Amino acid sequence: MSLDLLLKNCRIVDGTGAPWFNGAVAIEDDQIEAVHREADVAPDARETVDMEGLILAPGFIDLHSHSDLRLFADSNLPPKTRQGVTTELLGQDGFSMAPMYRQGGPEEWEDHLSGLDGRPEREWTWGSIADYFDAIEKSGVAPNVATLVGHGTVRYNVMGMDDRAPSEAELEEMADLVTEALEDGAVGFSTGLDYMPQVVCDTHELQTLAGRLSDYGRPFVAHIRNQSNDIWNALDEFIDIGKEEDIPLHLSHFKLMHRPQHGQADRAIGFLESARDRGVDITADQYPYTAGSTMLAADLPSWARSEGPEATLDHLKNNREAIREHLEREISDWENIVITSVASEANQRLIGMNMEDIAEELIEDPAVAVMNLLLEEELEVERIYHFVAEEDVQEILQHERTAVATDALLGGEPHPRTYGTYPRVLGHYARDENLFSVEEAVRMMTSLPARIAGLHDKGIISPGMDADLVAFDPHHVYDPGTYDNPRQFPDGMPHVLVNGEFIVRDGESTGATPGTAIKK
């Protein structure tokens, strides 16, 4: 039998954390057929590619992606695939694109999330998670994609943007939507407790919805209620739900925000370890940078976001003093908030500027500048915010239960993590800072996230596993992107394969779209 593809002369890092070995990998259809310990074997194959001593690793699994709508506009997703991402986990922070049954819901939901996902041109043809998967596969996509079902999404379907607790009937309807999504193949349930509409929920609502996971063994993924001054109570709430419902937990973008919390990574890690001692299966992910990124509208008070985009714009026009007081109370370091994306041509000049400089140019207070910018752009503004200490980034990254994720937004001049997360871990932290071995770095990006998301055919180079692979040069892998110039593809990552097909070859996207929608 002739194989489809043989990758020979590789230094294989198999994803388990075990030491590398010289070998070759044979691929048939979309799976790994054989792994040879000899580097220069010569079985019969329709194509043989000499890897010339590059490291061959499992494809990287991005546990926190925001490509939910943008993948329809650009199916190749080069910012992600060019850095070795072969599987994306969507539906983060409580914001899945399905189920969506509310009358007029797609348009309003897209408006609500425009600061995260933009407004890419595509036809919204789906209602259920199953329909969403069908739309993705019909459109075509280079990496594989899986999705969580979002807390905010099911709440919006039942209650709109209402700022109140659900009735028991409404809560049951929301929970039934979670179950429906899990039956349709969602790999877990997510929440984002900084964001509307789920920011107004209480623990009872959260636990009731997450409890639907107990029959499926799938994770509850959370952007917890607070990552700054009240992080300890937020972690307690999250861990208690996992214990009481006996469900796996996964902590999104594990970090400690703002100066009073800096230097306390060891204490935060201790919360996770003590939870595991209590029998709670808890893991985390982290992006390896000291700045975060999200929609600028997230800085508004929750009451100004509680009734949907049109109401938010109305508040920005008519309740300016109350919003200004909130912004000035909550934000003191305006120089650390940098605008990365806007919708209009008129404000393109503001991309890359911080809010302090923008306010000075416009001759107005920073809080007023924020309100005016959100009004002009109809909320479609993205920003980065420098608020994390490098020592905490390094300590969390070295924690054995922390996986790597991008949390990447794709619009405008984005956070450099959109293009550079995985090469930064391999080049800067593993090679240059020597925080861990290359084998450990690969484990954090492959088999660990595969275990967390329940992707049992991914994350390890072994016969019978999916042929999602990345080849890189450990001596030259590098992330050149900066906060000022983020749209730079990495060096030293020439080849990426999804389901046995090259989606990146010799450092260039091939245009192939062999990715599939992963249904649990």
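Modeller: A residue is termed buried under 20% relative accessible area, exposed over 50%, and partly exposed in between (1.4 Å probe, protein chains only). This is a predicted model, in which local features need pLDDT of at least 70 and side-chain atom pairs count only at pLDDT 80 or more, whereas totals for chains, interfaces and linings use all residues. Residues are numbered from 1 along each chain as its sequence is written, and side-chain values use heavy atoms, with hydrogens and water left out.

With a relative accessible area of 6%, arginine 383 is buried. Arginine 383 belongs to strand S16, residues 381–386; helices (H or I, at least four residues) and strands (E, at least two) are DSSP runs, numbered from the N terminus. Beyond its neighbours within four places in sequence, arginine 383 has contacts (heavy atoms within 4.5 Å) that include Gly292, Ser293, Thr294, Met295, Leu296 and Asp299. Ile337, Val338, Ile339 and Thr340 are also in contact with arginine 383.

An open sheet may be described next. Six strands form this sheet in the order S9-S10-S11-S12-S13-S17, with parallel pairing; two strands pair if DSSP finds at least two bridges between them. Strand S9 (149–150) and strand S17 (402–404) are the edge strands, each pairing on one side only. Strand S13 (residues 282–286) runs parallel to S17 and is joined to S17 by three bridges. Aspartate 285 has alanine 403 in S17 as its bridge partner. Helix H15 (residues 390–397) lies across S13 and S17, at about 135° to S13; axes are lines fitted to C-alpha atoms, for helices over the stretch in contact, and angles run from 0 to 180 degrees between N-to-C directions.

Charged pairs complete the account. A salt bridge is a side-chain nitrogen of Lys or Arg within 4 Å of a carboxyl oxygen of Asp or Glu, and the structure holds 32 salt bridges. Arginine 276 meets aspartate 281 in a salt bridge at 3.2 Å, N to O. Arginine 276 is partly exposed at 28%, and aspartate 281 is partly exposed at 26%. Arginine 401 and glutamate 400 form another salt bridge, their closest N and O atoms being 3.4 Å apart. Arginine 401 has a relative accessibility of 22% and counts as partly exposed; glutamate 400, at 47%, is also partly exposed.
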